[in-house]
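Open the model in a viewer and have the selection panel ready. The stops below go from single residues to the whole chain.

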Amino acid sequence: MPDDLSRAQAFAEPLLAHQILGSGENAMGHAHAMAGIVADIGGSPAMQSACYLVYAAEYLNQPHDLIAKAFGDAHATLAMETLQLLRLQRQALQARSAEAGDAVSSAVGRHENVRRMLLAFSRDLRVVLLRLSSRLQTLRWYAASRQPVPQALADESLQVLAPLANRLGIWQIKWELEDLSFRFLEPQTYRDVAQLLDEKRTERELSMARLRDEVEQS
């Protein structure tokens, strides 16, 4: 009998195979890559299954009932709470102030709203972990596709989501969110730093090679 993860993939496939997310990424591809990230950080099979069910829920009528019937209430609740957070954050990113104001103050306000939003969902940390994994995959997709990245998305990732991953001790997601966000927000500085690091790596390799030669000849 197929496990829940295999069944979740099969459940989502016909719903997501031809759907495109707002970023331009294929929805099924996003869910699959997101499940891979969750697996890499030690997420349970239920969390990996939720990666598919969250996005499938957007294309279902009465999604909680349908998912609960197929997978149980616990799976349905996790998927729906994660979807609710995704939708709220999506709306927050899309929202634009009706009045012209200070851009920095507006960004600070948006970041604080997102922090409060994430705090409200922190009673189930699995929801927050799924959200972090989804955002990381979105940034990875932008990096791989070379599509222009919305600055608000990269800024939020750097200022809000990376610090949250740090507080939760998810170092892999934390550093990669920081790395990709910085790459998008400050591309020239990122290239300069990367070049310096590469030069230092080359210098270290040459030093090690010289040391090996000296040891072999001694």
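This is a predicted model: local features need pLDDT of at least 70, side-chain atom pairs count only at pLDDT 80 or more; totals for chains, interfaces and linings use all residues.

At 10% relative accessibility, F71 counts as buried, because the cut-off for buried is under 20%.

Show both side chains. How are the rings of F11 and F71 arranged? Their centres are 5.4 Å apart and their planes stand at 85°, so the pair is edge-to-face; the angle that counts for this is over 60 degrees.

Next, colour the helices that carry the two residues. F11 sits in helix 1 (residues 4–16) and F71 in helix 4 (residues 63–71), so the pair ties together parts that are 60 residues apart in sequence.

Move on to W141 and Y142. These residues also form an edge-to-face aromatic pair, with 5.4 Å from centre to centre and 70° between the planes. Are W141 and Y142 buried or exposed? Both are buried. The structure holds 2 aromatic pairs.

Zoom out and switch to a cartoon. The protein has 10 helices and 0 strands, so reading from the N terminus gives α-α-α-α-α-α-α-α-α-α.

Finish with the surface. Its accessible area is about 12500 Å², and carbon and sulfur atoms account for 53% of that. Of the 218 residues, 37% count as buried.

Methods: Residues are numbered from 1 along each chain as its sequence is written. Side-chain values use heavy atoms; hydrogens and water are left out. Helices (H or I, at least four residues) and strands (E, at least two) are DSSP runs, numbered from the N terminus. Buried means under 20% relative accessible area, exposed over 50%, partly exposed in between (1.4 Å probe, protein chains only). Accessible areas come from the Shrake-Rupley method with a 1.4 Å probe; for residues, only the protein chains shown count as cover. Rings of Phe, Tyr and Trp (its six-membered ring) pair if their centres lie within 6.5 Å; planes under 30 degrees apart count as stacked, over 60 as edge-to-face and the rest as tilted.
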